[in-house]
Amino acid sequence: MLNDLFAQLRTATAPAEIEALQNGIWQVWLTTGDAALDKQLEAGMRALQAADFTRAIGVFDELIAAAPHLAEGWNKRATAYYQRGDYRASLADIAETLRREPRHFGALWGQAAILRQLADPRRALRTLKQLEALCPNLPGLREQQLALREQLEDGGGAF
């Protein structure tokens with residue numbers, strides 16, 4: 001099912017179609033097949049929504065310990081770290097997410113955002129190229145790539 005959704009995402013051009021396909025993929029990622037793990041994932045997401053990042057990280061720590069193979073546990077903990085301002089920890093969890101699901105567009109988008117904030121436009125642009133391979137018509141992608149290319153041409157960023 002995921003492979004079909006990703007194949008459609010690569011060819012989708014309309015923003016509404018892209019959003020619908022991404023939502024379908026998120027539904028698959030957010031369903032573990034285990035009621036207890038699903039409940040734990042939901043609890044962590046509620047803590048995230050409440051901006052209780054310490055609690056969210058704790059819940060996702062437990063989820064990762066119970067099911068380290070689930071990319072979404074790593075991704076959600078990366079989100080909590082990001083929202084708490086701990087970019088290095090977020091990048092480490094994004095790497096784990098991508099190790100388990102290399103097509104994780106949410107993790108890639110987040111990684112690019114963090115790399116921009118850390119003044120590393122070259123790596124951010126590489127990340128966006130990976131994202132482009134998954135969804136070439138993602139709204140906002142071309143603008144982000146252009147801004148990074150311009151920054152690099154102006155001599156900015158890490159080398």
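Me: Where does A119 sit?
Reply: In this predicted model, A119 is in the loop that runs between α7 (105-117) and α8 (121-134).

Me: And what is its phi?
Reply: A119 has a phi of about 60 degrees, which is positive even though A119 is not a glycine.

Me: What about A51, where is that?
Reply: A51 belongs to the loop between α3 (35-49) and α4 (53-66). Its phi is near 60 degrees, a positive value in a residue other than glycine. A51 has 47% relative accessibility, so it counts as partly exposed.

Me: Step back a bit. How many helices and strands are there?
Reply: The chain has nine helices and zero strands. Read from the N terminus, the order is α-α-α-α-α-α-α-α-α.

Me: How much of the chain is buried?
Reply: Of the 159 residues, 42% count as buried. The accessible surface is about 8,300 Å², and carbon and sulfur atoms account for 51% of that.

Me: What share of the contacts join residues at least 24 apart?
Reply: That share is 51%, taken among contacts between residues at least 6 apart in sequence.

Me: On to the core. How many residues are in the largest nonpolar one?
Reply: The largest nonpolar core has 29 residues. Those with the most contacts inside it are F6, L9, I25, I94, F105 and L131.

Me: Which elements give two or more residues to this core?
Reply: They are α1 (2-11), α2 (15-29), α6, α7, α8 and α9 (141-153). The largest share is that of α7, with six residues.

Me: What does L131 touch?
Reply: Setting aside neighbours within four places in sequence, L131 is in contact with F105, L108, W109, L138 and L141.

Me: What is in the second core?
Reply: The second core is separate and has 14 residues, including L37, A47, L48 and A56.

Me: What tends to happen to nonpolar side chains in general?
Reply: In soluble globular proteins they tend to be buried together.

Me: Now T97. Which helix is it in?
Reply: T97 is in helix α6, residues 87-100. T97 counts as buried because its relative accessibility is 0%.

Me: Which residues does T97 touch?
Reply: Beyond residues up to four places away in sequence, T97 touches A71, W74, N75, H104 and A107.

Me: How many Å apart are A35 and D61?
Reply: They are 18 Å apart in space, C-alpha to C-alpha, and 26 residues apart in sequence.

Me: Last one, charges. How many positive and negative?
Reply: The chain has 18 positive and 20 negative charges, and the mean positions of the two sets are 4 Å apart.

Key:
Residues numbered from 1 in each chain as written. Predicted model: local features only at pLDDT ≥ 70, side-chain atom pairs only at ≥ 80, totals over all residues. Heavy atoms only, no water. Helix = DSSP H or I, 4+ residues; strand = E, 2+ residues; numbered from the N terminus. Buried < 20%, exposed > 50% of the residue type's maximum accessible area, 1.4 Å probe, protein only. Contact = heavy atoms within 4.5 Å. Areas by Shrake-Rupley, 256 points an atom, 1.4 Å probe, with all protein chains shown as cover. Lys, Arg positive; Asp, Glu negative; His and termini not counted. Charge placed at Lys NZ, Arg CZ, Asp CG, Glu CD. Core = buried A, V, L, I, M, F, W, Y, C linked by side-chain atoms within 4.5 Å.
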